[in-house]
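Please examine the sequence and the three-dimensional structure shown below. The briefing that follows is arranged by topic.

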Amino acid sequence: MKHTILSAKDLCKSFAHNGEQLHILSHIDLELYEGDFTVIMGASGSGKSTLLYTLSGMDRATAGQVLYGDRNLADMSEKKLAGLRHTDFGFIFQQMHLISNLSLFENIAVSGYLNKNHTTSEINTRANELMEKMGILHVKTHLPSQVSGGEQQRCAIARAVIHQPKLLFADEPTGALNRKNTTEVLNLLTDLNANGQSILMVTHDMRATLRATRILYLADGAIMGELSLPPYQAEEEKSREAQVNAWLGSMEW
C-alpha cells in the first residue's frame, strides 16, 4: 500500500482581476504518494504551475487544505514554510536561478548549509558526490556563466536535492534546454526516482511526461483524469509514448 506524502482537500485558488474573481484551481482533491514520479499535464492556462506552487506552500490557497503529514500548510507562518522548504521540499525551475557570482559548487553547498540537520563537512562531501554523479565535478569552480545550460540545470538539480528532500517539485525543468541536455536532465530525474526520490513535475513536454509513473491531467483548474505507468524503461519508450498519447487524446489534449 502506498504511503501518502502530501494531500490536497477541496483546494481552490482565485485571483481578483479587473473587479472579477478568476478561478484558477477549483475544488481539487489529490494525494501524492511516496516514491512516485508524478507529472501534471494540461494546456497553457490550465493551472498547472499554480497547483504546484500552492501544493508546495510557495503560494497560499484561497480555500481548502494542503496537508503534509499532520501539518496544514495554511496554518504555517512564512518562517515555518521557509524552514520546510529548507528541510523537506526541493525545487527545480525552468530558469535555474543560480547565484551568478558563486561557483557551481558554492551554489549547491550554500543551499545545504541552510539545513541545520547536517554539518558543513557533510554538506561539502555530499555536494562533491552529487556533482560527480551529475557529471559536473570537473567544472565545480566555474561560475554559472562559464558553463552550458545543461550543466547549469544539473547544478540546479544537485542544489535541490543536497538536503535530501522528501518531495522534489519541478516546474518545466527542461523547458529552456536543447534535446541533448533535456535527455541528460530527464535521465538524472529518472535515476533519482528509481532510488526513492518522490517527484512532482509540471511539464508540457512529452519526453518529460514519459518518465512519469503517474500522470494527472488538469483542465480549467480541475483534475480530469489520471494514468498510472510502470517505472520508465528506455527500450519501451515507443510503446509507452503510444499509450500516453492515446490517453491524452481521450483527455482532449
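Strand β1 (residues 4–17) and strand β4 (residues 63–68) pair in the antiparallel sense over four bridges; two strands are said to pair if DSSP finds at least two bridges between them. Strands (E, at least two residues) and helices (H or I, at least four) are DSSP runs, numbered from the N terminus. The model is predicted: local features need pLDDT of at least 70 and side-chain atom pairs count only at pLDDT 80 or more, whereas totals for chains, interfaces and linings use all residues. Residues are numbered from 1 along each chain as its sequence is written, and side-chain values use heavy atoms, with hydrogens and water left out.

- Glu-20 lies in strand β2.
- Glu-20 counts as exposed because its relative accessible area is 51%; the classes are buried under 20%, exposed over 50% and partly exposed in between, with a 1.4 Å probe and protein chains only.
- The C-alpha atoms of Glu-20 and Ser-198 are separated by 37 Å, and the two residues are 178 residues apart along the chain.

- Strand β9 (residues 214–219) runs antiparallel to strand β10 (residues 222–228), and six bridges join them.
- One of the residues in these bridges is Tyr-217, whose partner in β10 is Gly-225.
- Two residues stand between the strands of this hairpin, and Asp-220 in the turn has a positive phi of about 50 degrees.

- Tyr-232 is found in the loop between β10 and α8 (237–250).
- Tyr-232 is buried because its relative accessibility is 14%.
- Not counting residues up to four places away in sequence, Tyr-232 touches Thr-190, Leu-210, Arg-211, Glu-237 and Arg-240; a contact means heavy atoms within 4.5 Å.
- Between the C-alpha atoms of Tyr-232 and Ser-111 there are 30 Å, with 121 residues separating the two along the chain.

**Helix α3**

- Helix α3 (residues 104–113) is mostly covered, as seven of its 10 residues are buried.
- The buried residues of α3 are Leu-104, Phe-105, Asn-107, Ile-108, Ala-109, Ser-111 and Gly-112.
- Their cover includes helices α4 (120–133) and α5 (149–161).

**The chain as a whole**

- The protein chain has eight helices and 10 strands.
- Its radius of gyration is 18 Å, which agrees with the value near 18 Å for a compact globule of 253 residues; the radius is taken over C-alpha atoms, and the globule rule is 2.2 Å times the number of residues to the power 0.38.
- Along the principal axes, the C-alpha atoms fill a box of roughly 50 × 45 × 45 Å.
- Of the 253 residues, 50% count as buried.
- Among contacts with a separation of 6 or more, 70% come from residues 24 or more positions apart.
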